[in-house]
Amino acid sequence: MNLHAERAVSDFDQRNKIVFAATLESPWNGSRWLSGFELAPIFSYNSGHPFNLLAGSDINGDGHFTNDRPPSAPRNSGLGPNYVDFDMRLARAFRIRNEYSLNFTAEGFNIANRTNYASVNNIVGATFAPSFNVHGTAALSPSQPLGFTAADAKREIQLGARLTF
């Protein structure tokens with residue numbers, strides 16, 4: 001067993017994460033048409049998570065082919081895709097007498113409609129050789145080694161209304 005190859009970053013290692021969130025209220029409180037609005041943007045960026053490269057065969061003879069890496073491949077030597085997202089909510093409240101209010105909301109998720117890949121085909125084969133510092137790529141099909149196999153949701157928009165009494 002190559003103990004040096006077992007020393008690596010953890011499965012949940014994430015080098016960079018940035019989140020910007022705000023809640024902005026309409027500054028025109030005296031205006032009948034422009035008051036009562038609330039805007040809430042959220043921007044998120046996450047760098048990719050590491051993953052193991054797998055041989056796809058039982059190299060070490062333990063009866064399990066799901067955990068064997070190619071010879072000399074260190075643990076978690078692959079790097080998954082990064083994640084970028086922009087969400088926004090626009091809301092407006094209407095007062096109906098003193099005891100009632102009607103709130104309308106429009107929310108958008110992944111507004112830029114960026115394809116955020118969720119996983120990588122990490123089965124590279126037993127003959128995969130250095131360099132082991134590899135990244136997944138969209139240029140390959142999901143059935144090919146290091147091709148992306150899944151993506152998060154595309155742009156979503158939802159509208160809502162709430163009556164408070």
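Modeller: Strands (E, at least two residues) and helices (H or I, at least four) are DSSP runs, numbered from the N terminus. This is a predicted model: local features need pLDDT of at least 70, side-chain atom pairs count only at pLDDT 80 or more, and totals for chains, interfaces and linings use all residues. Residues are numbered from 1 along each chain as its sequence is written, and side-chain values use heavy atoms, with hydrogens and water left out.

Biologist: Where is Ser47, and is Ser47 buried or exposed?

Modeller: Ser47 sits in the loop between strand E3 (37–46) and strand E4 (50–51). Leaving out residues up to four places away in sequence, Ser47 touches Gln14, Arg15, Asn16 and Asn82, where contact means heavy atoms within 4.5 Å. Buried means under 20% relative accessible area, exposed over 50%, and partly exposed in between (1.4 Å probe, protein chains only). Because its relative accessibility is 10%, Ser47 counts as buried.

Biologist: Which residues make up the largest nonpolar core?

Modeller: A nonpolar core is a set of buried Ala, Val, Leu, Ile, Met, Phe, Trp, Tyr and Cys residues joined through side-chain atoms within 4.5 Å. In soluble globular proteins, nonpolar side chains tend to be buried together. Here the largest such core has nine members. They are Phe51, Leu53, Ala73, Val120, Val124, Phe132, Val134, Leu146 and Phe148.

Biologist: How many residues apart are Tyr117 and Phe148?

Modeller: Tyr117 and Phe148 are stacked, with 4.2 Å centre to centre and 15° between the planes. Tyr117 is in strand E8 (residues 117–120) and Phe148 in strand E10 (residues 148–151), so this pair links distant parts of the chain. At 30% relative accessibility Tyr117 is partly exposed, whereas Phe148, at 11%, is buried.

Biologist: What is the phi of Asn110?

Modeller: Most residues other than glycine have a negative phi. Asn110 is in the loop between E7 and E8 and is buried, with a relative accessible area of 4%. Although Asn110 is not a glycine, its phi is positive, at about 55°.

Biologist: And what is the relative accessible area of Asn113?

Modeller: Asn113 also lies in the loop between E7 and E8, and its phi is positive, near 55°. Asn113 counts as partly exposed because its relative accessible area is 32%.

Biologist: What separates the C-alpha atoms of Ile18 and Asn52?

Modeller: Ile18 is in strand E1 and is partly exposed at 48% relative accessibility. Beyond residues up to four places away in sequence, Ile18 touches Phe43, Ser44 and Tyr45. Ile18 and Asn52 are 34 residues apart along the chain, and their C-alpha atoms are separated by 25 Å.

Key. Rings of Phe, Tyr and Trp (its six-membered ring) pair if their centres lie within 6.5 Å; planes under 30 degrees apart count as stacked, over 60 as edge-to-face and the rest as tilted.
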